[in-house]
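Work through the exercises below with the sequence and the coordinates at hand, and try each task before reading its solution.

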Amino acid sequence: LQQDMRKAVELWTEAADLGSIEALYFIGNAYAFGEGVEQDEAKAAEFHTKAALQGDVESRIKLGCHEAFLGNHNRALGQFLISANGAQ
């Protein structure tokens with residue numbers, strides 16, 4: 001089965017528009033890795049933030065990694081602590 005990441009991002013966008021938190025996470029990953037879209041860390045963080053604010057633990061972890069990469073270790077720690085408590 002051939003993967004079409006552009007189509008996947010298109011479908012995830014539709015799903016996100018319908019309220020899918022998981023789709024927001026996958027769109028964030030697509031931007032983080034440049035799969036199906038141009039790589040854009042700011043957009044990746046934007047989509048992971050949207051998902052994290054709705055309780056997605058994996059998105060919180062991604063945000064923690066993003067903050068650590070930027071050298072914002074206190075903010076990274078905050079994201080990791082929130083994710084450890086279930087992203088609340």
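**Exercise 1. Determine which residues line the largest pocket, and which elements supply them.**

Solution. The lining of the largest pocket consists of A32, F33, E41, A44, A45, H48, K62, C65, H66 and F69. Here a pocket is an open set of points, on a 1 Å grid over the protein atoms alone, where a 1.4 Å probe fits and which has protein on both sides within 12 Å along at least five of seven lines, while lining residues have an atom within 4 Å of a point. The elements that give two or more residues to this lining are α2 (21–33), α3 (41–52) and α4 (57–69). Sorted by class, the lining has six nonpolar, two polar and two charged residues, where Ala, Val, Leu, Ile, Met, Phe, Trp, Tyr, Cys and Pro count as nonpolar, Asp, Glu, Lys and Arg as charged, and the others, Gly among them, as polar. The volume of the largest pocket is about 180 Å³, taken as the space filled by probe spheres set on the points, with grid points joined across faces, edges and corners.

The model is a predicted one, in which local features need pLDDT of at least 70 and side-chain atom pairs count only at pLDDT 80 or more, whereas totals for chains, interfaces and linings use all residues. Residues are numbered from 1 along each chain as its sequence is written, and side-chain values use heavy atoms, with hydrogens and water left out.

**Exercise 2. Describe the fold elements of the protein chain and decide whether its radius of gyration agrees or disagrees with that of a compact globule.**

Solution. The protein chain has five helices and zero strands, these being DSSP runs (H or I, at least four residues, for helices; E, at least two, for strands) numbered from the N terminus. For 88 residues, a compact globule would have a radius of gyration near 12 Å, and the 13 Å of the protein chain agrees with this; the radius is taken over C-alpha atoms, and the globule rule is 2.2 Å times the number of residues to the power 0.38. Along the principal axes, the C-alpha trace spans about 40 × 25 × 20 Å.
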